[in-house]
Amino acid sequence: MEFKRLCVSEYEKRKALTQLVVYGRLLREIRQNVRDVYVYSFFDFDTKFENILLDEGYIPNALSRDGHKIEFYYNYNTARRIHIYALSFKQVIDIADRRNRIFLDILSGKINE
């Protein structure tokens, strides 16, 4: 996983995407028996960045479960066998916040079963 500061330039975001591939390649060099590598980074999404992702061949997608939805972009580097995920930091935080509130409500007795 790659964590970058939020509100960085498009250049820094592109750099983070490149670093993900490098990290995956290095992991494969260290552990040669690894079949596939999955790398993730969290970004603040905006139209410019989404256009960069689309220009680079990333596919928009969404993880959905129990009413929660996290939008992300996915790319597969066939030469390196690396699955690359660019996720929305804001959405991940929002979902974690909702789940934590529900958990605290259960603990405090506000929600029964």
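D46 is partly exposed, at 31% relative accessible area (partly exposed falls between buried, under 20%, and exposed, over 50%, with a 1.4 Å probe and protein chains only). Keep in mind that this is a predicted model, where local features need pLDDT of at least 70, side-chain atom pairs count only at pLDDT 80 or more, and totals for chains, interfaces and linings use all residues. Residues are numbered from 1 along each chain as its sequence is written, and side-chain values use heavy atoms, with hydrogens and water left out.

**Salt bridges**

D46 pairs with K13 through a salt bridge (a side-chain nitrogen of Lys or Arg within 4 Å of a carboxyl oxygen of Asp or Glu). The two partners sit 33 residues apart, K13 in helix 1 and D46 in the loop between strand 2 and helix 2. Helices here are DSSP runs of H or I with at least four residues, and strands are E runs of at least two, numbered from the N terminus.

| Pair | N to O distance | Relative accessible area |
|---|---|---|
| E29 and R25 | 3.0 Å | E29 46%, R25 25% |
| D36 and R35 | 3.9 Å | D36 25%, R35 66% |

Shared partners tie K13, D44 and D46 into one network. E29 and R25 are both in helix 1, four residues apart, or about one turn.

**An arginine without a bridge**

Also in helix 1 is R28. R28 is buried but has no salt bridge, and D36, the nearest side chain of opposite charge, is 4.9 Å away (Lys and Arg count as positive, Asp and Glu as negative; His and chain ends are not counted).

**Inside the fold**

The chain has three helices and five strands, running β-α-β-α-β-β-β-α from the N terminus. Of its 113 residues, 29% are buried. Leaving out residues up to four places away in sequence, L53 touches L17, F45, Y58, Y73 and A86 (contact means heavy atoms within 4.5 Å).
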